[in-house]
Amino acid sequence: MLDPTWISPYTPTPAERHRHAAVVRAYALRRRLVASVVAGAVVVALAILAVALSPWLWFAAVALGVLYAIDLRRVVAGSAVRARAAAEALLARFASDEDPVARERLATLVDRLSATFGVEGVRAEVVRDGGYNAALVPGPGGFVLVATSALVQDFALIEIEGVVAHCLARERTGVLERECVAALDLAGEPARVLAGPGETFRADEVAAAMIRYPLGIAAALRRCRAQSVPAGSFLADPVFDGWRWVFFNPWSDRRESVPGDLDDPEVRARALEEW
């Protein structure tokens, strides 16, 4: 008999989105750990003094605790607000590509796949860069899908479709916010831990299941893996280290494949080809 409670492992779930949101909240709380300890110590001290000196100090302790809790909630909510400004911060690092044909090519795919994935308010932007990569980042009123001019010009249509599908799948899994916070605040291994190791592999799964053509994504990864990023590309800039986890291929600047790394383009391509 069919199980009515069965859920496909390739379908993002509310629990998955909540898990990613919890990671961002925990990160924001850790950043205020020292202040929280100090505030807690002051509240306890006021409570002790209230017993020994004046009951009016209870009101001071409660007021301080409530005010600090409100401020802490504001800080946690601020992480989501900052993540929504990621598009402006990323686009500021590129020059816009003025080729209308390239932009129309990308925009057509974005519009079609946005409907397929159920993601509203996605704007397509082609930026001038010789490296192959793309990213979906939150922006004012929705999202911005940023793709390099080299990717849009050189990739086959089915490969661009795979890249766009992968980027939209990240929004469906709910991982975008933690990736953007990592890009804005951190670099190196701390950024990777916050962004979520292996989340690009998960986005590949979701995207391939939605478009039903894993080989398109695999071919795009193969192209990215084969390219030596040209000098002057943002993907070869040290600043890319902080932003790498929002991109389709986070390892554009790494030449050797690492078999145990689920974010490695070679590992991801092989998994998709064996699907």
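Which residues point one way from strand 3, and which the other way? The legends below, which describe a predicted model, begin with this strand.

**View 1. Side-chain directions along strand 3 (residues 134-139).** Ala134, Leu136 and Pro138 point one way from the strand, whereas Ala135, Val137 and Gly139 point the other way. Residues on both sides are buried; strand 3 is accordingly described as mostly covered, with 6 of its 6 residues buried.

**View 2. The hairpin of strand 3 and strand 4.** Strand 4 spans residues 142-148 and pairs with strand 3 in the antiparallel sense, over 6 bridges. Alanine 135 has valine 146 of strand 4 as its bridge partner. Between the two strands lie 2 residues, and in this hairpin glycine 141 adopts a positive phi near 80°.

**View 3. Leu106 in the largest nonpolar core.** This core comprises 42 residues, of which Leu106, Phe117 and Leu145 touch the most other members. Beyond its neighbours within four places in sequence, leucine 106 is in contact with Ala124, Glu125, Val126, Leu145, Ala147, Val152, Ile160 and Val164. Another core, of 28 residues, lies apart from the one shown; Ala87, Phe94, Val137 and Val144 are among its members.

**View 4. Arginine 212 in the loop between helix 10 and helix 11.** Helix 10 covers residues 199-211 and helix 11 covers residues 214-226, with arginine 212 in the loop between them. The phi of arginine 212 is near 60°, a positive value in a residue other than glycine. Arginine 212 counts as exposed because its relative accessibility is 69%, and exposed residues are those over 50%.

Key:
Residues numbered from 1 in each chain as written. Predicted model: local features only at pLDDT ≥ 70, side-chain atom pairs only at ≥ 80, totals over all residues. Heavy atoms only, no water. Buried < 20%, exposed > 50% of the residue type's maximum accessible area, 1.4 Å probe, protein only. Helix = DSSP H or I, 4+ residues; strand = E, 2+ residues; numbered from the N terminus. Pairing = 2+ DSSP bridges. Core = buried A, V, L, I, M, F, W, Y, C linked by side-chain atoms within 4.5 Å. Contact = heavy atoms within 4.5 Å.
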